[in-house]
Amino acid sequence: MSARRSTQARRARRAATRGRSRVEAAWREFAASFARAGMVPPVEPGLAAVEAAEGSAVVLLAPRQALTFTGKCRLRCLYGAVRLLGFAVGSHQPALPVFSPATHCSLTLEALPAERPPAADLRQLRAAARAALRAHRVRRQARVKVMARFSPECAVVLLEHLDTPVTRFLLSHPPLSRLFEPQKKEESSFTSEDAVLASVGIVKCSPERGLLVSESMGLALEELIQACCEEDEGVPVVLVCGPKNTGKSTFNRYLINLLLNRLPSVEYMECDIGQTEFTPPGCVSLSSVTEPVLGPPFTHQQTPRKMVYYGQTSCEQDTERYLDVVKYVFSSYKKEVPLVINTMGWVKGEGLLLLIDTIRLLSPTHIVQMDVYDWKAMAPLTPEYVHLTPGLYTKGKQQAKCKQLGADGGESWKASEGEGGASAPEYKLLYVHPEFPRAGVAGEARVHSGILRDMSMLGYLGQLQAPDIGAVLPLHCLAPYQVPFSAVALRVIHTDVAPTNIMYAVNASWVGLCRIPDEIRNCPRG
């Protein structure tokens, strides 16, 4: 009798289990129908964003999972490693400021793959991740949620609200008040993860808004990284050129970040006076870069090693002085670390001839030419082409350079005896074909170049704001430099101005303050 009862009980339990399984399956299908209807978005596998504390969030990413976003925050990797615009961030590194405004290509945070450790180490890894969460004062409830989805191959990052004097200064201007908000809201349901990210100051957006690394770009970057790290043929000098709106600036930032993964510093020479990276517009400069570049120019204005204020955002009216300035700045490069050279997007007519002069002057080891596939904007700059084609101030083929640059006893940059261009220049030409929408099409840039220049200037002036979080001070409230007018010499460059009218030319104008070397005598009239 007892055996019969136990058999019946087992059958009843199995029937009940099957019944519960059918009910659970029915509920899962019912919930999935809401997701398919768009009423409840499906949870992305491996993605978890939980509030760590007020103004901060913890994000867990599965291997190779990515988060493309608009906004600004401070990023710290607590476990594993992530990559941001080419720069690898590990748990041993300090927090980094990250800026992804709507005016530029959105940044993408990607979890780097990691080797699966032995099973015996899993408990230690979980303990290390939990200890990192505790060390950064992550709330217990958030720790529990993160550790519930933790795996040894994942990456855990801490995102914190970021407010800097520069961003406060820019956002105080009404036209830029929504600089870090998406220009177009994407049609998607608002999830709890979105709410957590928004509390930090970032908005998740479509991966298509992030950087699209084409095959040619990936191959070029791989070859440049290898050349810069091995230095088999000396320290590389990489010159990046191409028409406007082909992604030269983004390519430069990506390349610099990749190099900083392996090298302590990279030199950067700015020859594009209209779209400068580390200085206000109108300057030719040489900068030493030791920190990753995780934002547009207005977020990382810095003091360069050498800089000349050219004074205009275009050199079309004074190309001779432009080349003289480029030579002067380049003379400060000591060839100890790799150099990345950015050039102007003026590559038609005299602009192409000026670029050929620049190539001959700087003698790069690698040229990265960015252009669309039809090559209508500029011909391929092969060593043979540069060797045979005359520039504005240099002749092609085997003829020596024809013109001395620099007036008033300035230095000449004509070829030395025996040089004479007897052979074609030796450099490796790398083609990069951008594949983002409307690449290389004039007038199709995300933001007008004049607005970008204004933002760079505001970023430069924003450094004058007080470092503490407070009210933004108008420029006229800041203490100015004061020197006797008798100690100032005024000169208007690129044109001649009568002495009686020079104050009219200076009024309401940007000026460059330069120190006159002691060996130069003062003019009697100031």
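Modeller: A salt bridge here is a side-chain nitrogen of Lys or Arg within 4 Å of a carboxyl oxygen of Asp or Glu. Please keep in mind that this is a predicted model, in which local features need pLDDT of at least 70 and side-chain atom pairs count only at pLDDT 80 or more, while totals for chains, interfaces and linings use all residues. Residues are numbered from 1 along each chain as its sequence is written, and side-chain values use heavy atoms, with hydrogens and water left out.

Colleague: OK, how many salt bridges are found in the whole structure?

Modeller: The search of the whole structure gives eight salt bridges. One of the eight joins the side chains of Arg253 and Glu277, with an N to O distance of 2.9 Å.

Colleague: Where do Arg253 and Glu277 lie?

Modeller: Arg253 lies in helix H7 and Glu277 in the loop between strand E11 (266-270) and strand E12 (283-289), so this pair ties together parts that are 24 residues apart in sequence. Helices (H or I, at least four residues) and strands (E, at least two) are DSSP runs, numbered from the N terminus.

Colleague: And are those two buried or exposed?

Modeller: Both Arg253 and Glu277 are buried, where buried means under 20% relative accessible area, exposed over 50%, and partly exposed in between, using a 1.4 Å probe and protein chains only.

Colleague: What does Arg305 pair with?

Modeller: Arg305 forms a salt bridge with Glu267, and their closest N and O atoms are 2.7 Å apart. Arg305 sits in the loop between E12 and strand E13 (306-309), whereas Glu267 is in strand E11, so parts that are 38 residues apart in sequence are tied together. Arg305 is partly exposed, at a relative accessible area of 42%, whereas Glu267 is buried, at 5%.

Colleague: Changing topic, which residues have the most contacts inside the largest nonpolar core?

Modeller: Those residues are Phe69, Val98, Leu109, Leu159, Phe251, Leu255 and Val368, in a core of 53 residues. A nonpolar core is a set of buried Ala, Val, Leu, Ile, Met, Phe, Trp, Tyr and Cys residues joined through side-chain atoms within 4.5 Å. Helix H7 (residues 248-260) gives the largest share of this core, seven residues.

Colleague: What does Val98 touch?

Modeller: Leaving out residues up to four places away in sequence, Val98 touches several residues, including Phe69, Leu84, Leu162 and Leu294, where contact means heavy atoms within 4.5 Å.
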